[in-house]
Amino acid sequence: MIGLHDNLLKSFDRWSFLVGGGALVASAILPAAASIAATGERRLSFYQLHTGEKLDLPYWIEGAYVPEALKEINEILRDFRTSEVRPIDVRLLDLLHNLRGALGSDVPFHVISGYRSPKTNERLSSSGGGVAKRSLHMKGKAIDVRLPGRKLRDLHKTAVRMKWGGVGLYSKSRFVHLDVGRVRYW
Ligand SMILES: [Zn+2]
């Protein structure tokens, strides 16, 4: 988060230096930078590829997470195979929010997999789909997504730079795995 903000400030400095700008440049660029840092509202939208469900809503308003919004997010990110709903870690939501902001996009994340029950995870890992036995999906701390209009490679690169947790690129299945566990990438 701090790193991202610093980068924005650095590029802002560089740009304003190049343009030779003063107040005018600052007022033009600050709203964009602020929307990533801390405005009054954080928004997310999802399209669940397996169920066709859609969601688009602010989940954080004026410094607080919105319980009703989190409930709806937990619902759409449930284990669609068993219909089990578990809380999704809000840090994962902030990661998604910031990632989308950093990529300058506002289209919905296409969701391949959010929460996974132990039963589903066991089934997937034993069938050898590259699914870890102790997956963070089972803790509501991981999600597999793609973002239409942005290359997987860019999604991966930007998330790696943010250093919020684990980031994995799955080119064949066309998604990026994101989690709020230990910082690592593959
Ligand atoms: Zn995953």
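1. Asp144 in strand β5 and His177 in strand β7, 33 residues apart, link distant parts of the chain.

2. On provenance, this is a predicted model in which local features need pLDDT of at least 70 and side-chain atom pairs count only at pLDDT 80 or more, whereas totals for chains, interfaces and linings use all residues. Residues are numbered from 1 along each chain as its sequence is written, and side-chain values use heavy atoms, with hydrogens and water left out.

3. Asp144 is buried at 4% relative accessibility, and His177 is buried at 9%.

4. The largest nonpolar core comprises 33 residues, and Phe46, Ile143 and Leu178 have the most contacts inside it. Such a core is a set of buried Ala, Val, Leu, Ile, Met, Phe, Trp, Tyr and Cys residues joined through side-chain atoms within 4.5 Å. The elements giving two or more residues to this core include β1 (41-48), α4 (90-102), β5 (142-146) and β7 (175-179); α4 gives the most, with 5 residues. Helices (H or I, at least four residues) and strands (E, at least two) are DSSP runs, numbered from the N terminus.

5. Strands β1 and β2 run antiparallel and are joined by 7 bridges; strands pair if DSSP finds at least two bridges between them. Their hairpin has 5 residues between the strands, with Gly52 at a positive phi near 80 degrees. Trp60 in β2 is the bridge partner of Arg42, and Trp60 also has Tyr65 in β3 as a bridge partner. Strands β2 and β3 are antiparallel with 2 bridges; 2 residues lie between them in a hairpin, where Glu62 in the turn has a positive phi of about 45 degrees.

6. Ser125 belongs to helix α5 (residues 118-126) and is buried, at 14% relative accessible area. Ser125 touches Val131, Ala132 and Lys133, not counting residues up to four places away in sequence.

Notes. Buried < 20%, exposed > 50% of the residue type's maximum accessible area, 1.4 Å probe, protein only. Contact = heavy atoms within 4.5 Å.
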